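Hi there,

Please have it open while you read.

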Amino acid sequence: MNESFKGVAAMIAACVVWGLSPLFYAQFSDIPTIDILAHRTLWSLLLFAGVLMFQRRLSQIPKALSTPKNIAIITTASVMIAINWGLFIWATKVGRVTETSLGYYIFPLVAVVLGMLAFGEKLSRAQALAVGLAVVAVSVLAIGTQTPPWIALALAVTFGIYGLIKKRLEAGPVVSVACEVLLFAPLAAIWLIWFGDLTVFGNLAELLFLALCGPMTAIPLMFFSYATKRVRLGTVGLVQYLNPTLQFVCAVLIFKEPFGVWHAVAFGLIWTALALYSAASLPKSRAHRAA
């Protein structure tokens with residue numbers, strides 16, 4: 001397998017885990033979102049440390065954090081992914097998975113715009129039209145429901161910026177994500193000790209379930225970091241469709257969330273935009289793989 005193909009395969013694996021994750025986080029309805037986020041950070045760090053120790057690469061973490069520039073980049077990535085995680089968990093707990101799916105549908109179009117601005121990746125007329133349709137879709141939903149889809153927009157923007165930042169990191173995927181959770185680990189520990197619900201440590205079943213937040217977080221993030229190093233940002237956005245599709249299925253068919261006329265119009269516009277974008281992007285992706 002060439003590097004581009006392996007990158008796409010890694011992105012698919014990440015999207016399957018993310019797309020089905022609402023089924024997992026919906027089980028934590030009685031645990032505060034910040035507590036879940038703190039557990040997610042600490043258990044992820046333990047998993048990353050174990051992987052790097054097994055690979056004898058723990059020494060690469062200090063190297064990745066050895067310059068002010070790298071620290072600034074990784075800190076920004078940490079903030080973006082922490083906001084994204086926390087908002088996604090909260091939205092899942094309060095029954096707004098439909099809006100999270102919309103956010104991750106918008107993300108590919110945010111990603112292609114960021115790719116254009118940061119890396120000079122050109123937009124064709126079809127891609128520009130797709131971005132315009134996404135703007136119309138968000139506007140229609142905001143006007144029709146009289147509620148701006150701020151969850152969707154925040155998820156799309158924070159994840160788009162996160163993907164952009166990962167392109168600029170020289171550290172490998174496991175090391176870079178380990179550094180991200182390491183920077184937030186002290187805050188997570190302080191929160192759990194001083195403000196968190198410590199009774200979960202007396203409930204083995206609940207604690208083990210929370211511990212699963214580690215692999216649920218670490219594995220797809222490693223796949224995502226691996227993918228962003230090997231494929232164009234636009235291709236990452238293309239494969240990313242799998243994530244919101246699975247979330248949408250969970251929201252409408254499993255959680256039975258409301259899906260009215262305005263949602264149908266907005267999602268119809270988004271799906272049309274993604275079809276246009278996909279049709280315009282496939283030739284570029286093939287040319288990139290051939291090169």
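Let me start with Ser 176, which touches Lys 166, Leu 169, Ala 171 and Ser 225, leaving out residues up to four places away in sequence; contact here means heavy atoms within 4.5 Å. Ser 176 sits in helix 8 (residues 173-194), and at 2% relative accessibility it counts as buried. Buried stands for under 20% relative accessible area, exposed for over 50%, and partly exposed for in between, with a 1.4 Å probe and protein chains only. Helices are DSSP runs (H or I, at least four residues), numbered from the N terminus.

Before going on, a word on the model: it is predicted, local features need pLDDT of at least 70, side-chain atom pairs count only at pLDDT 80 or more, and totals for chains, interfaces and linings use all residues. Residues are numbered from 1 along each chain as its sequence is written, while side-chain values use heavy atoms, with hydrogens and water left out.

Ile 61 belongs to helix 3 (residues 60-64) and is buried, with a relative accessible area of 13%. Its contacts, again without residues up to four places away in sequence, are Leu 52, Val 175, Ala 178, Cys 179 and Leu 182. Ile 61 and Val 174 are 113 residues apart in sequence, yet their C-alpha atoms are 9.7 Å apart in space.

Now to the cysteines. How many disulfides does the structure hold? The number is 0, where a disulfide is a pair of cysteine sulfur atoms within 2.5 Å. For Cys 213, the closest cysteine sulfur is in Cys 250, 16 Å away and therefore too far for a bond. Cys 213 is buried at 0% relative accessibility, and Cys 179 is buried with a relative accessible area of 0%.

Helix 7 (residues 150-168) has 19 residues and reaches 27 Å from first to last C-alpha, close to the 27 Å expected at 1.5 Å a residue; the expected span is 1.5 Å times one less than the number of residues. Among the buried residues of helix 7 are Ile 151, Leu 155, Phe 159, Tyr 162 and Lys 166. Helix 12 (residues 242-254) has 13 residues and reaches 17 Å, close to the expected 18 Å. Here Asn 243, Pro 244, Gln 247, Phe 248, Cys 250 and Ala 251 are buried. They lie on the same side of helix 12 because they cover an arc of only 160° around the axis, the arc being that of the directions from the helix axis to the C-beta atoms.

As for backbone angles, most residues other than glycine have a negative phi. Gln 146 is not a glycine, but has a positive phi of about 60°. Gln 146 lies in the loop between helix 6 (125-145) and helix 7 and is exposed, with a relative accessible area of 71%. Lys 256 is in the loop between helix 12 and helix 13 (261-290) and counts as exposed at 62% relative accessibility.

Finally, the axes of helix 4 (residues 68-93) and helix 5 (residues 97-119) come within 8 Å and cross at roughly 145°. Asn 84, Phe 88, Ala 91 and Thr 92 in helix 4 meet Val 97, Thr 100 and Tyr 104 in helix 5. Axes are lines fitted to C-alpha atoms over the stretch in contact, and angles run from 0 to 180 degrees between N-to-C directions.

Key. Helix = DSSP H or I, 4+ residues; strand = E, 2+ residues; numbered from the N terminus.
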